[in-house]
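Hi everyone, thanks for letting me go today.

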Amino acid sequence: MADKLPPRTPLPQGFSQTPDHDGTRRNQPCGAGAKTPVMYQPLGPEWLDAVAALEKLCFSTPWSGEQYRALHERGVCLLFGALREKNLLGYVALSRLDGDDTMEIFNIAVSPIERGKGIAGRLLRLCLLAARKAGGARVLLEVRESNVPAIALYRRAGFTLQGRRKRYYTRPVEDALLYRCDLKRVSE
Ligand SMILES: CC(C)(COP(=O)(O)OP(=O)(O)OC[C@H]1O[C@@H](n2cnc3c(N)ncnc32)[C@H](O)[C@@H]1OP(=O)(O)O)[C@@H](O)C(=O)NCCC(=O)NCCS
């Protein structure tokens with residue numbers, strides 16, 4: 001049920017708001033920023049405007065801060081972020097579908113200049129562990145069929161293709177591929 005999902009979820013083992021040195025290892029140029037750790041943590045409502053701003057940067061049909069706020073207020077949305085010194089580098093948003101133990105990732109994005117460093121992989125893992133902890137049995141998502149990086153990310157995390165929704169997206173019009181991950185196969 002939607003109302004069983006807490007607005008904030010304690011971090012699963014391995015995500016105890018400690019710095020992620022893996023997240024800064026790959027593709028990181030030399031310089032002052034290279035050693036600043038990335039932190040992974042649940043995001044409260046104070047982060048919704050930053051999430052919406054990043055969303056705008058990453059999607060052709062972005063959700064607004066208000067849309068995120070509405071979901072958050074209903075208590076059906078879990079948000080996790082990757083932060084460096086209070087800057088939001090990436091986020092993943094997950095909600096519980098009404099009436100069963102199915103969850104849905106409705107967005108995951110990383111700032112363009114921070115991609116290729118393992119941030120989305122880490123966020124996705126964090127969110128799958130949290131979904132399992134919150135009683136979810138499976139996680140679903142949709143992705144544009146041309147979105148090669150996202151499809152590779154999901155497959156790598158254990159998602160399998162379930163189907164296709166014709167002409168689901170606009171700007172540009174495109175089919176959605178439907179993926180699913182069984183949470184019993186996700187381990188700490
Ligand atoms: C998809 C996205 C979230 C990936 O973020 P990221 O932080 O760069 O991804 P990571 O560095 O964690 O990569 C994790 C895995 O994803 C896959 N991947 C990521 N970027 C890739 C690319 N450009 N090409 C191929 N595979 C890629 C790889 O399997 C990678 O694992 P590996 O590096 O060990 O091979 C990012 O490209 C993005 O924000 N895109 C725009 C928003 C979007 O399309 N979101 C998905 C909506 S459905």
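So, what is the mean pLDDT of the chain? This is a predicted model, and its mean pLDDT is 84, with 81% of the residues reaching 70 or more.

That confidence can be followed along the elements. Helix 4 has the highest mean pLDDT, 98, while strand 1, residues 19-20, has the lowest, 49. Over residues 1-19, pLDDT stays under 50, although the model has 39 contacts beyond four places in sequence for them. Residues 21-33 also stay under 50, with 20 such contacts.

Now to the ligand. Which residues are closest to it? They are R115, A120, P149, A152 and L153, out of 19 residues that surround the ligand. Two or more residues of this shell come from each of strand 5 (102-110), helix 3 (119-133) and helix 4 (148-156). Helix 4 gives the most, with six residues.

Finally, please find strand 7, residues 160-169. How many of its 10 residues are buried? The count is zero, so to speak a strand that is hardly covered. Strand 7 pairs with strand 8, residues 174-182, in the antiparallel sense over six bridges. For R165, the bridge partner in strand 8 is A176. The hairpin of these two strands has four residues between them, and there R171 takes a positive phi near 50°.

That's my tour, and I'm happy to take questions!

How values were computed: Residues numbered from 1 in each chain as written. Predicted model: local features only at pLDDT ≥ 70, side-chain atom pairs only at ≥ 80, totals over all residues. Near = placed C-beta within 6 Å. Buried ≥ 20, exposed ≤ 12 C-beta atoms within 10 Å, placed from the backbone. Pairing = 2+ DSSP bridges. pLDDT = per-residue confidence, 0-100. Contact = placed C-beta atoms within 7 Å.
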